[in-house]
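I opened a new structure today. These are my notes on what I looked up.

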Amino acid sequence: MTPIEIDYQEGQKRQVAEIKFLIHDLRVERFINNIIHFHVTLNTDLEIYGVEQAHAFHTDDLDNLKQYAAAIRRAFRDYSNAVTNFSPDKTIIVTGRRYIETVRKICDLILNPLWGRFDRTLTFLPDDSRSVLARHHYRNNIRWMCGVYYRIDYFLQELDDHDIVEVFDIGSDIIHYTNNIIYGYIVEKGHSRVEIQIEKEGPAVVRGNRNRFRRMYFNLIMNAVDALEGLPVGMIRVKVSADGERATLAVSDNGSGMYPEKIKNLLRERETLDGELRSLGFVFVRQTVTDFGGELKVDSEIDKGTTISVIVPYLPDHEPPPQKQSKCQQYAVMPFQDLVDGRPGVAIIDREQRAEAREATTYPAAGEPAPTLQTPAPPAASEAPPEAAPEAPTRRAQIEDAPLDWNPKDHQENCGRILWNDYERSLAPYPGCVFAIGVTYEQRIDCFAHRPYEQHWNISHEDLSPMLYDATIRGRLEENEEKRVELILKEPHSVASYFDLKEIEEGRSALRFVEMIHDEYILIARKLIATGLPGDLVTHLTGVSKFLPEAEIALGPAPFLLRAIAAMPLSTELPDASS
């Protein structure tokens, strides 16, 4: 047994470690502040619009919330002072538990359906009020606080009985936990620029402390989100697989990567946890892997990303048990219907239009050539990338050659101008729009949804349309920190849903998916330019090395100009397509 395991398992040392692990994981301050800011806004709106009775009730609720928030700050200050001053273990335990229990009290308050009278109160306000516009962002924070409540609840149970053992399926539990808890953190912390994809290959049933496994997984996600900070588009891929008697949970990101020395520091044992703060998350990961009798692997490359794999023994003959439902289920999935039908800024081709588009659409079978199109000449392989890309359009710039009478309802002819219009009317501090799009080989749009960023709402693709979230290429048109407009295109979230949307039943394969996304990236670039977007837009793509490897060879490292992507050949036009 290593010194860290002895420290971890013996009496007060174990409690100190557990408290540090949990407080490191909670990260609640930002979410509590967001909730307070929303209710301050709501209170102001009730006063502005003269809803006197609701305003009186809500003022009392808001005052109560502020008192709890002040108590949390005091409790956290006491705990932080105890840790940084290397106080005795008993002091850290007392101050840490006080902070944790204070956080649980504010969760009890916020999650009580009678507190705040949120949904009912909003019915008194007009649709363009700041509170109504911010309600989805608020629900996202509520969903996160629900997860905090359950982590604290499980934690207090563990302190009384450390050996809480359950049988659960890793893949099913990860999907459930991600949808209900993790997604809210990624949207808020990643500013909606981070995507997460989960791939599950069959059941992988294990026996152990399910809540500790979830917390370990959450730490891996936090590390991945931190590694993606500053990227225009980030991707986290989670894969659960089973082979022989071992199951693997792999979390990958396309972030900054780590040097070998840092990996060694993360994996090596330490003699004590006293005063340890910065690496507590990974210490907890190591301890949980040890509890499950598994092993931990880290593969990383600078500027390419990191994959952390947790390999544990599993129960191959066990059926996955039923998934437990959360008491906070009403906050787990945000309502979408009011975001899709009849709301300004959203346009989804209806069933009749889609049927017409489908009749005019052909998708080549696996191995068959794509329809012949008049395409731009591909860039020469020897052509050196430009030293500096032309300046991207600035806000309120005019779109070249835009017809004066263009119809915003005509998606086929004006989808590029529609997206630019969404960007221009966005009221967000960093204006932009979010969209989902499908383009056929005949250059027809077979699905299209779009919405400008709102001032008080960090909108995501899932909010835009649940029907299209998994199945389409998704995008954003937005300003970067230099106030220049950039385009972001992201691969579909689900391979199966993509094939379903394209109505492809036979010949489904990973290779065909890669070929179709390769082509659709190019087809979308051509369509957007043809319908009004400037070809000089700097464009970021997810999965470039996977879907457009020849672009990196011809143009150099991403990002690329939109017109350069449009000039790439389709998969069947590549030199080795017939070999």
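**Pocket notes**

I sorted the lining of the second largest pocket and got nine nonpolar, eleven polar and seven charged residues. I counted Ala, Val, Leu, Ile, Met, Phe, Trp, Tyr, Cys and Pro as nonpolar, Asp, Glu, Lys and Arg as charged, and the others, Gly among them, as polar. The model is predicted: local features need pLDDT of at least 70, side-chain atom pairs count only at pLDDT 80 or more, and totals for chains, interfaces and linings use all residues. Residues are numbered from 1 along each chain as its sequence is written, and side-chain values use heavy atoms, with hydrogens and water left out.

Next I checked which elements build this lining. Strand S4 (234-243), strand S5 (246-253), S7, strand S12 (538-541) and helix H21 (544-547) each give at least two residues. Helices (H or I, at least four residues) and strands (E, at least two) are DSSP runs, numbered from the N terminus.

**Val 312**

I then turned to S7, which spans residues 305-313 and holds Val 312. Is Val 312 buried or exposed? Val 312 counts as buried because its relative accessibility is 1%. Buried means under 20% relative accessible area, exposed over 50%, partly exposed in between (1.4 Å probe, protein chains only).

**Gly 202**

I found Gly 202 in the loop between strand S2 (194-200) and strand S3 (205-208). Gly 202 counts as partly exposed, because its relative accessibility is 35%.
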